[in-house]
Amino acid sequence: MALQPISPNPNPALIELKDVVKTYSSEAGDFTALKGIHLQVQPGEFLGIVGKSGAGKSTLLNMITGVDRLTSGEVRIRASGQEVSVHSLSENDLALWRGRSMGVVYQSFQLLPMLTLLENIILPMDLCGLYHPRESRRRALQLLEMVEIAEHAHKLPAYISGGQQQRVAIARALANDPPILVADEPTGSLDSVTADHIFDVFESLVQKGKTIVMVTHDMGLMPRFSRHLLLTDGEISPPPASLSSASPRPKK
Amino acid sequence: MRPRWRKVFLDLFENKTRMLLVVFSIAVGVFSIGVIAGAYVIIENDMSASYAANQPANIELRTADFDRDFLATLENAPDIAEVEGRRVFNIRARPLQSQVWTTLNLVAVDDFENNTVNLLTSLQGASEPAKREALLERKVLDELSAAVGDDLVFQLSDGSTQVLRVAGIVQDPTTGADDFLAPPIVYVTMDTLPYLSQPEAFNRIYATVETGENDDAHIRLTAADLADRMERGGGVDVYRTRIALKNEHPLAPTVNAVLGILMALGILIVFLSSSLIANTLAALLNQHLRHIGVMKLVGGRDNQIFAMYLALILAFGVLALLLAVPFGGIGAYQLSLYIADQLGFTLLGYRIVPFSFVIQMAVGIFVPLFAGFVPVINGSRITVLDALSGDLAHETATRDAAGRRRESVFERLENWFDELLLRRGIHLPRPLLISLRNTFRRQNRLLLTLFTLTMGGAIFIAVFNVRTTLFDYMDNVGRYFVADVTLDFDKPYRLSEVERLARQEPGVVDVEGWAFAAVEVLYPDGTLAENLTVLAPPAGSEMISPDPVAGRWVQAGDTRSIAITEGILRSFPNLKPGDYLDVKIAGNEERWQVVGFFKFIDREGLIAYGTYEYFSRETNLANRSVSFRVLTDQHAEPYQRAMSEKLDKRFRDAGFQVSQARPGLSALDNATESLDILVIFLLIMAMLTAVVGAMGLTGTMGMNVLERTREIGIMRAIGAVDAEIMRMVIVEGMVIGGISWLLGLLLSVPFTYLLSYIVSLAVFETPITVVFTPLGYLIWLALVIVLSALASIIPARNAARLTIREVLAYE
Amino acid sequence: MTPAPQNLPPVSPAAPPPAMIDLRRVVKKFKNAAGEFTVLKGIELHIGRGEFVSIVGKSGSGKSTLLNMITGIDHPTSGQVIVNGQDLYTSLNESGRSLWRGRNLGIVFQFFQLLPMLSLLENVMLPMDYAGLYDFDERPRRARQLLGMVGLEQHAHKLPMSVSTGQQQLAAIARALATDPPLLVADEPTGNLDSRSADTIIELFTSLAAQGKTVIMVTHDPSLTERTNRNIIISDGELIADAVALALPLLSHRQMLQVTRQTQPHTFAPGQAILLRDAEVDTFFIIEEGEVEIVLQGKNRADATVARLGRGQYFGEVELLRGGKSIASVRASSTSPVRLLGLPRAAFLATLKESPLTEEAIARSVQSRLQENRAQDRRSVVDALSGTIKKALRRSS
């Protein structure tokens, strides 16, 4: 899927959040996790959303993936040749759309423990039916090669290291060749060297034209995004001045 | 294999314990249904087939003696196909080495080779005895040990003995098929009779009809006609008529009714196991939330997930079938064999019963699908967010429109209880509180578990109550068996004569001579309705303590009056005390008044009581009797037995022709024995339900512990030691057990009534008074406490073994 | 229920050992299907009574494992863990540690804190039940007091799910204090709280430490570490020297660890000279303990102390960066001995190259020190007559 590199044209944004509000109700009272987020992500961006735990990062990500329902606002995504308002889809349509248009990577890898790495990668293709079974097997092997785990293809997730598991998770996220990759603290449970390598994988994907949105609490990663946002208490805030020199400003 | 189906396949074996639990709980239901349905079909078919194959007599007449020439005149009677004469009488026998006498029915057959009615099947040795030889019906071997070639000693009525050699063992599925408590049979040839001081004359007619061999009314008419020919044409009195259909074993209705009860229990077990399956599957789905979340995340839709888990359930069902169907088949055959053996018929051989196979398939496939449907629907509809967060905190609380938790009945009850304690300033120790509250956290699961355990318990208790009810009924019947020894003679003796001799035996307290009459109760159209035995003790006899349920008992001065068992209501449903019955006694038709009803076990005809004063005259035996009742100073069965033997010897020595002397309780014992078999079957079913209940509890406790590992970690972190954790789990299990016991207490009442009703109808053909016993309640209490402790011990040990690190190693 | 003592019996009858926590060469290895990992690589750690300590580390650094060692939740592969005078792993089994923990240790976790089926009050009472401490009737009173202390008295009878996460956390702290343990361990206690709730909790910890409790808190929030007495950083299974972290806060943890490994310890007696002016400087010094004085001496002029540097401060950077000789003399302060960590020149320069932020910060520090020196130089002209120090310096050279 060839995607246009970033361009200043009035190209419509790939991901667009309009005044997204998310309020959780509990017996202890209401808690507003997202307080009207406006956000546009252009094709080919590597966007980092940085914030402390509790700032609403994961909630924001769940709004983009449609995993959680929003309280008000809208999320529009223009991918795979169609424009959808994520939260107007039914749970089922959403699952199918997400399977085809968006790969999701979590901190905890979320591989199915009883399936081999190869099978884990075939699974999305199996469920979405975009590829013929034989084709999907070939494709899965290619993806494993890309993340350099091909030699472990027939092992179970428990038999490889955390870093390797995360590579498999990334490969799985790419199974249906989605234009968008969303990652929630993908390096959060990895040691620093391994985390570096995983980050390299993401960077190479951006170079191949994927659009990536990643949330993290690790301020040290900020320089490596093509653009980053700070999320504080459910709001996007300008980056603190003290660090401004160290982090490239997002392009306007 | 595509990954999703491979996942289903791997999920199947993911957790061996859970797989075994699910498979076993399905298998238990399939197995019990398979055994009972299989046995039902096999017995229903083979019992009657085996019966029919031996050419059962449609008509059996007990008559006065007659000879071959007279028999020949009957061969041309209308619609009679075959007719045979035999001689049947009671005799005592023992093996050469033994001193213990066994009462047997001796049957003399005229022509073994051309035997056409009530055929014998040769099992061993000769199929035909020579002169002074005997064939043993195989049930004889249950009573005494003998083999082909052995000699048996027979005691004649004058006390002398004769020895007959055993020529063979045979099976007779037809003679006495309606009374499996009748004495076993020995067959001899007619020319052996003189050795046994018996005349070479027949006293039984066995006949088959030409047409309508399964038509009750037709056979009745033919029998009446045949009896008429004998009495009018030959002057041979007919004492008793018994008719039977060719293709229905006389005990088939009873056996089918009992199997029906077992079937009902089997269906109940299926229900219970289905609630167990529902519980386990719900827990499985819960544990798989994360997997479901991942699959939905990468594009899986509801119906795909649904199909996967449905396939998983089907696989469980198939595994259970693989396990249960063969065992069910074997079990069905073994049960049939046992029943066939008890009732003296042969099975047509081992086979797979298609009906039972189909039922098992249906149960094995549909019950799990049915039970798993709700959990699977819920599981496949869960949102990705809930699934991925693996959030079990939802528990089962319902939410109102505003998304707030609504209090359940349990919680309200608990809050009320808490406040009650608080107001009185009582604080329960927190560890106990945890167990108590944990009990009520997963309410659906708790309800299902309680359902299974309570039903199991209620059935268990009910079975004990039914057992007591039956035995109580037998005790009531015992009112009519107060006499310690029954002394029967081959000819009438004077009362005073017998009494004098009997009283010489130390220990004898009282002696009564009873009159006895075998009569036929007739329908208004003159056909046979029931065979009736009238027992006539002296008015005001001490040897019975009658307990009429309607009307009154017979009393001095009554003529042509009887108190009759309720069994008569089968034929005359509208009969009331004061009404009249037409009877035929010694060939004369009379009209008797029914003064009252009582409860009794009706076997081989009905029982009625009259007064000796009237019936002894009626039978021309005034001041004489063939049957005496003796009261002794002790009433234990061994004493009665000893007294029987002493009296037997004393009378024989004095030259009396003793037919037999029996301990009074022996008749009752035989009946009790057959009830015991039934009770054992019921108990087996009760144990099965209890086992299913215990499995349910084990599963529930296991799931509870599994889902609370984090909490257990917290408890450890704040200082709970192993014993504390184990106690917490076990107390919870016992609380559930205790609640189920209380509920079982209530539920057992209707169950007892229902089961008693069905069983008594099947066995006694009349509803009987229900009696409750604390025994079942106590045994079940002990059992449920032990079971629930056991059911919790393994999960508790697992819980205590968890180290905090494992528990808190989230992500 | 036997009447329980009001206070915990001292673990050792003699004077309590000075350290609350004493880890000696603690090694922890994990084995899994993918191989063997050494998560803790010989940790030496001593924490005194009444200290409020934060432990910081990235995920995978071993900080949770370290905490599990201290709480007796996990056991080390080798080494010794002594907490409050009790050797946790040689004399206690799992169940014994549970009991020990109940009496000596309050634990506060980030998630899954309170037992959901018990009210806040009951949750707080539970540790007393387990430990068998306090009279049965005394327990509710004490629990109520503790809830009062964290401001939750009016919520005492609510279930945890009916109060906010912040309140749950406070209740968890009250529970951790139920058996009056001398040590409080908190794993990311503010991890999912808003900043105001987090504040309350830190204040509570501070006051508990002031009352003599030892408080250990794991966090990754730098704004919280500033408020503790001491910050321990763990990276890849090793502890970073406190002083390195203080001196070079902008390094990544891995870089700090690198620096910690490359430094050599040096100890100087009170008043002892460390560097002389115009001497060749080839080491970057970080002060681990004690104070140093920076002394300027004009020619024929009395020495002037231009600055005193303490724990976590450094010197030698100006010369290493600009090249050349020492611009000032440095000596141990006269009151106490000084422990220094010395980083060789090459390692220092390599570190700066790796961390532009640190380079920038050091450059700024060099700038300001030079300015200060120049100003001091002018001032020192005025009072340059004292010769005593000059003599001392000559003596020491």
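**Reading the fold and its contacts**

Modeller: In chain B, 84% of the contacts between residues at least 6 apart in sequence join residues at least 24 apart. Please bear in mind that this is a predicted model.

Colleague: What share of the residues of chain B counts as buried?

Modeller: Burial is judged by counting neighbours: a residue is buried if 20 or more other C-beta atoms lie within 10 Å of its own. By that criterion, 48% of the 811 residues of chain B are buried. The chain has 21 helices and 20 strands, and its C-alpha atoms fill a box of roughly 100 × 65 × 55 Å along the principal axes.

Colleague: Which domains does the assignment give for chain B?

Modeller: For chain B the assignment gives domain 1 (1–53 + 253–285 + 296–379), domain 2 (62–70 + 84–208), domain 3 (409–478 + 666–811) and domain 4 (485–633). The C-alpha centres of domain 2 of chain B and domain 3 of chain B are 55 Å apart. Chain C is assigned domain 1 (49–67 + 91–240) and domain 2 (257–396), with 42 Å between their C-alpha centres.

Colleague: How does one read the pairing of strands, and to which strands is S11 of chain B joined?

Modeller: One looks at the bridges and at the direction of the strands. Strand S11 (residues 485–494) of chain B runs antiparallel to strand S19 (residues 624–632) of chain B, with six bridges between them; here B:Tyr493 stands opposite B:Ser625. S11(B) is also joined by five bridges to strand S20 (residues 658–663) of chain B, again antiparallel, and B:Val485 faces B:Pro663 in that strand. In a regular strand, side chains alternate between the two faces of the sheet.

Colleague: Which residues touch the most other members of the largest nonpolar core?

Modeller: They are A:Ile121 and C:Val244, in a core of 387 residues. Helix H2 (residues 16–53) of chain B gives the most to this core, namely 19 residues. Another core, of 25 residues, lies apart from it and includes B:Ala134 and B:Leu164. Leaving out residues up to four places away in sequence, A:Ile121 touches residues including A:Leu143, A:Val168 and A:Arg172.

Colleague: How many residues does each chain give to the contact of chains A and B?

Modeller: Chain A gives 30 residues and chain B gives 25. On the side of chain A, helix H2 (91–101) and helix H3 (117–128) are the elements that give two or more residues. By class, that side has 13 nonpolar, nine polar and eight charged residues.

Conventions: Residues are numbered from 1 along each chain as its sequence is written. Chains are lettered from A and ligands numbered from 1 in the order in which they are written. This is a predicted model: local features need pLDDT of at least 70, side-chain atom pairs count only at pLDDT 80 or more; totals for chains, interfaces and linings use all residues. Two residues are in contact if their C-beta atoms, placed from the backbone, lie within 7 Å. Helices (H or I, at least four residues) and strands (E, at least two) are DSSP runs, numbered from the N terminus. Ala, Val, Leu, Ile, Met, Phe, Trp, Tyr, Cys and Pro count as nonpolar, Asp, Glu, Lys and Arg as charged, and the others, Gly among them, as polar. A residue is buried if 20 or more other C-beta atoms lie within 10 Å of its own, exposed if 12 or fewer, and partly exposed in between; C-beta atoms are placed from the backbone. Domain bounds come from an automatic or database domain assignment. A nonpolar core is a set of buried Ala, Val, Leu, Ile, Met, Phe, Trp, Tyr and Cys residues joined through C-beta atoms within 7 Å. Two strands pair if DSSP finds at least two bridges between them.
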